[in-house]
Amino acid sequence: MPFPAHVQKELQFPGAVTLGQKGSSVKKLQEWLSLQQFGCEPDGIFGKATLSCLQRFQQKQLLPASQSLTETCWQKLTAPMQQALTLSPAAPHLSTTVMRVARQHLEQHPMEVGGDNKGPWVRLYMQGNEGTAWYWCAGFVTFILKQACLIQQQKMPIPGSFSCDSLASQAKTAGLFLPEKQASNIKPDQVFIFLNRKSASDWTHTGLGFAMQDGVFQTIEGNTNNDGSRNGYEVCQRTRTVKSKDFVMLG
């Protein structure tokens with residue numbers, strides 16, 4: 001799999017964790033059981049509650065019931081992330097592939113689990129990092145762009161970053177930055193990164209934008225929710241306006 005080591009680590013089978021075991025491998029199992037809607041608390045302790053969640057998942061997947069995690073079961077648990085990381089054929093333009101990859105992730109409903117800015121999806125987008133300080137909207141944008149460029153076998157238009165301010169700076173250096181006052185120049189078929197502007201030198205949230213029309217556009221963005229929070233808990237699609245936003249043009 002042509003992805004960085006932290007991605008491969010996230011999907012690597014943690015071993016046959018079983019009843020009574022403790023540690024990070026158990027926590028990974030619990031995270032995915034919770035993400036699969038089995039309500040398992042990721043406390044790193046394989047007790048009776050975790051066993052019940054595991055066996056109910058096994059039953060749903062028509063797998064043999066057992067008291068330990070098998071590699072086959074792990075593949076079923078992590079199937080959403082594997083699907084999001086599938087490398088589709090290249091398209092004529094990078095922007096087309098960016099949107100295809102973004103939708104591919106959106107369909108798997110990436111979200112936090114185990115606390116603020118925590119869980120497998122956050123670690124995926126943030127190079128293995130997680131926790132309250134790791135706002136992951138820019139990490140999501142950067143990861144999608146990197147996956148699209150990997151498919152297209154081309155260089156990143158900007159290096160990417162975990163920081164919205166850095167994305168803006170990189171775009172200015174690359175000549176791809178478009179301020180709000182020029183937003184009317186964005187065509188409906190263009191794909192871009194939007195940046196929520198707090199001040200002339202401070203941007204607080206970011207995501208991918210498309211289908212611009214009359215100052216309104218569609219987005220796919222991470223670390224938000226249905227309320228549009230800049231520190232939400234999931235990847236979702238929203239509708240936003242150009243007010244207080246600047247843009248990084250991708251095509």
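User: What kind of model is it, and how are residues numbered?

Analyst: The model is predicted, so local features need pLDDT of at least 70 and side-chain atom pairs count only at pLDDT 80 or more, while totals for chains, interfaces and linings use all residues. Residues are numbered from 1 along each chain as its sequence is written, and side-chain values use heavy atoms, leaving out hydrogens and water.

User: How many salt bridges does the structure hold?

Analyst: There are 6. A salt bridge here is a side-chain nitrogen of Lys or Arg within 4 Å of a carboxyl oxygen of Asp or Glu.

User: Which residue does Glu221 pair with?

Analyst: Glu221 pairs with Arg240, with the closest N and O atoms 2.7 Å apart. Glu221 sits in strand β4 (residues 216–224) and Arg240 in strand β5 (residues 234–241), so the bridge ties together parts 19 residues apart in sequence. Strands are DSSP runs of E, at least two residues long, numbered from the N terminus.

User: Is Glu221 buried or exposed?

Analyst: Glu221 is buried, at 0% relative accessible area, and Arg240 is buried too, at 10%. Buried means under 20% relative accessible area, exposed over 50%, and partly exposed in between (1.4 Å probe, protein chains only).

User: Which residues do shared partners join into one network?

Analyst: Glu10, Glu31, Arg123 and Glu130. Arg123 is buried at 8% relative accessibility, whereas Glu130 is partly exposed at 27%.

User: Switching to Asp246, what does its side chain meet?

Analyst: Arg197, in a salt bridge of 3.0 Å. Asp246 is buried, at 4% relative accessibility.

Terms used: Helices (H or I, at least four residues) and strands (E, at least two) are DSSP runs, numbered from the N terminus.
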